[in-house]
Amino acid sequence: MPSMAHSEARDFTKTKQPNGKIVKNGPKDESRRQKIAQQRKSLPITSVERQLVEEVRKNDTLIIVGETGSGKTTQLPQFLFNAGFCRDGKVIGITQPRRVAAVTVAKRVAEECGVELGQKVGYSIRFEDATSSSTRIKYMTDGLLLREALLDPFLSRYSVVIIDEAHERTVHTDVLLGLLKNVQKTRSQSTSQMSSLEKMKASNGTVLEKDNHAQSQSFQKSYHGTKFSPLKLIIMSASLDARGFSEYFGGARAVHIQGRPYPVDILYTHHAEPDYLEATLITVFQIHLEEGPGDILVFLTGQEEIESVERLVQERVQQLPEGSRNLLVIPMFSSLPSEQQMRAFRPAPSCSRKVILATNIAETSVTIPGIKYVIDPGLVKARSYNPITGMESLIIIPTSKAQALQRSGRAGREGPGKCFRLYPENEFSKLVDSTVPEIKRCNLSNVILQLKALGVDDIIGFDFMEKPSRMAIVKSLEQLYLLGALTDDYKLSDPVGHQMARLPLDPIYSKALILANQFNCLEEMLITVAMLSVESIFYTPREKLEEARAARKCFSSAEGDHLTLVTVYRASAEWLEKVKMANNKDKTAERSLSKWCKENFINNRSLRHARDIHSQIQGHVEQMGFRVASCGDDMLQFRRCLAAAFFLNAALRQPDGSYRALASSQVVQIHPSSVLFRTKPECIIFNELVRTNHNYIRNITRIDPLWLPELAPQYYATQN
DNA sequence: GAGCACTGC
């Protein structure tokens, strides 16, 4: 039925988004340097350089709203540098939510400045530091600046801190905002040398002012009259509501910068679509058959959905007339091997059109060139967290307005585009303005541990831009107390709490390392927590299910998943050792490890990540004076250590083969991916609790129930 | 006998 897509074509109502400025690039034959200068000149932000610098001079806190393409991320730091904000060796710090962004922007700015990366312009991300003592413009991930604050609580090296992409509201961004607000207050107080009393009088002395003041006083407990220069704070956001940020910073000034280079037509359906996947398919073919050249980007919720739409598009392409079959389907999600991800970036063969089926990854993390059409069914898979049960789940929910805007913006990067929203226009107005910030839907143990280490004792009173629920805070405080990180009066314990705060890991994993040091199995635990900290290590493609299972069996341990992970890690390390012995070239060794991963159905990216974490954490624990000892063949010792560390996650088998988690009394099941799925031991500890079709627990090891009262008497002695 | 959006230290 070649005309099928045509006959079922949807009508879309049309609304216009405000037109932006069109940016033209210089001729291709110009030298690169001239071209860069030309590009800089044409950025919307360039014409307002003087005004912007003036605004920063006048305002301690400034909110800049500018859409992608305005040039704010690359240009503003250079403007400020040229205006003298780095005098006395001070640094301008710019945070990004993602590593790739920090690196690519730094490279670009170094090139624009004509300097070598790592000199005047540099970047710093986990596992990678491209800065030096001469670095003045420093791009970094937000999480890294947070870590830096642990060593330098007043961020004294920085004259300006710019929080970029603040609208994304990552946990790190939210914690940083609260922290920087305090740091700024402290530093300006130290400069003005006003006594706290005078300061109180000077401000209008409202209750709110006093509260904030008291809080910043408690934060400053380590501050003994040291003199600091004031800190300039700039919040950059792409979302239209600067109001939230402005209110949070006491009515801070907000300025807008023109940005969007090309207009995008937004089209809605007349009626709600009962089946959004079918509507997606129809729209894909409607665009393919009726619209001009340009690739299509479709936003779907997950891998499974993408794979099924991929099959359906391919089936229906075959039903088209021969001349119209020039449609190339490309899936895109994070767990896809990178060679396959690269397909999306290669241009489609001439005279054909690409349709990219992507998850959220295409919303912010990757920018795919050539996109002219966006199809947005208006749904997203989001993580939610129940602090009472500790249960994590993934649910499909409508996007926010901000997300819908971000998605449509993907059509206007290189020329005018179109976005097809697969819902009626009145539905758009019902969407929430912005996505619920992550801090309101995650386990707060790590955040609290960090804040405590920064001297913030009153977590419930901390000035979050949006406060997490009291229950979420209390539950995490309780967990940290049970792990021994906090004392009876909820202060950071010494040394355990301080040691845990130093390690960039989930608090429960940090605790496991501290215990492993006492149990003489730190080597095994170091590998375990590194492997537990990354995405799934095992890779099971649907078409090679049996082979993958067989490969996995070689690593399986009857004791459970933790030992299985240790075996995998050691096998890969031994392989790498052998290759390096044979020919000591690092590059060949790397390639050989990739090959080993493929043969053994191991996810190469995850394993490399685990190796990075392993070496970073090993450095930390050695600095803390721990000795990385192995328990050798004494697996009993290692399992006892696991029980001592993860006692909060113990479960007992019930007569029907399900389990009961001891801490929350929830009924749970062993996930089929566990090596203990069939064995079903009487008593186990686990690391993950995820709700999908059932309440599943993952990463499990068999333990002796008698170990619990023995190793965690503070928790189990009073219970049965 | 299942299925996992995306980041980050």
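Tyr-490 lies in the loop between α17 and α18, where helices (H or I, at least four residues) and strands (E, at least two) are DSSP runs numbered from the N terminus. The model is predicted, so local features need pLDDT of at least 70 and side-chain atom pairs count only at pLDDT 80 or more, whereas totals for chains, interfaces and linings use all residues. Residues are numbered from 1 along each chain as its sequence is written, chains are lettered from A and ligands numbered from 1 in the order in which they are written, and side-chain values use heavy atoms, with hydrogens and water left out.

The backbone of Tyr-490 has a positive phi, near 60°, in a residue other than glycine. Its relative accessibility is 36%, and Tyr-490 therefore counts as partly exposed; buried means under 20% relative accessible area, exposed over 50%, and partly exposed in between (1.4 Å probe, protein chains only). Most residues other than glycine have a negative phi, and most peptide bonds are trans. Arg-169, in the loop between β7 (158–163) and α7 (171–192), also has a positive phi, of about 50°, although it is not a glycine. Because its relative accessibility is 9%, Arg-169 counts as buried.

The description now turns to the strands. An open sheet is formed by 8 strands in the order β5-β4-β6-β3-β7-β8-β2-β9, with mixed pairing; two strands pair if DSSP finds at least two bridges between them. The edges are β5 (128–130) and β9 (253–257), each with a single partner strand, so one side of each is left without a neighbour in the sheet. From one strand to the next the twist averages 20°. Within this order, strand β4 (residues 121–125) runs parallel to strand β6 (residues 137–141), joined by 4 bridges, and Ser-124 has Met-140 in β6 as its bridge partner.

Strand β11 (residues 295–299) is largely enclosed by the rest of the structure, because 5 of its 5 residues are buried. Both of its faces are covered, with Asp-295, Leu-297 and Phe-299 buried on one side and Ile-296 and Val-298 buried on the other. β11 pairs with strand β14 (residues 371–376) in the parallel sense over 4 bridges, and is also joined by 4 bridges to strand β13 (residues 353–358), again running parallel. Val-298 takes part in both pairings: it stands opposite Ile-375 in β14, and its bridge partner in β13 is Leu-357.

Among the helices, α11 (residues 276–290) has 15 residues, which at 1.5 Å a residue should span 21 Å; its end C-alpha atoms are 20 Å apart, in agreement. The expected span is 1.5 Å times one less than the number of residues. At the start of α11, a side-chain oxygen of Asp-275 comes to within 3.0 Å of the backbone nitrogen of Leu-277. Buried residues of α11 include Ala-279, Leu-281, Phe-285 and His-288.

Helix α19 (residues 507–519) packs against helix α25 (residues 635–645) at an angle of about 140°, their axes 9 Å apart. That angle makes α19 oblique to α25, since angles under 35 degrees count as roughly parallel, over 145 as roughly antiparallel, 65 to 115 as roughly perpendicular and the rest as oblique. Axes are lines fitted to C-alpha atoms, for helices over the stretch in contact, and angles run from 0 to 180 degrees between N-to-C directions.

Conventions. Polar contact = N/O pair within 3.5 Å; in protein donor to acceptor, adjacent residues only side chain to side chain.
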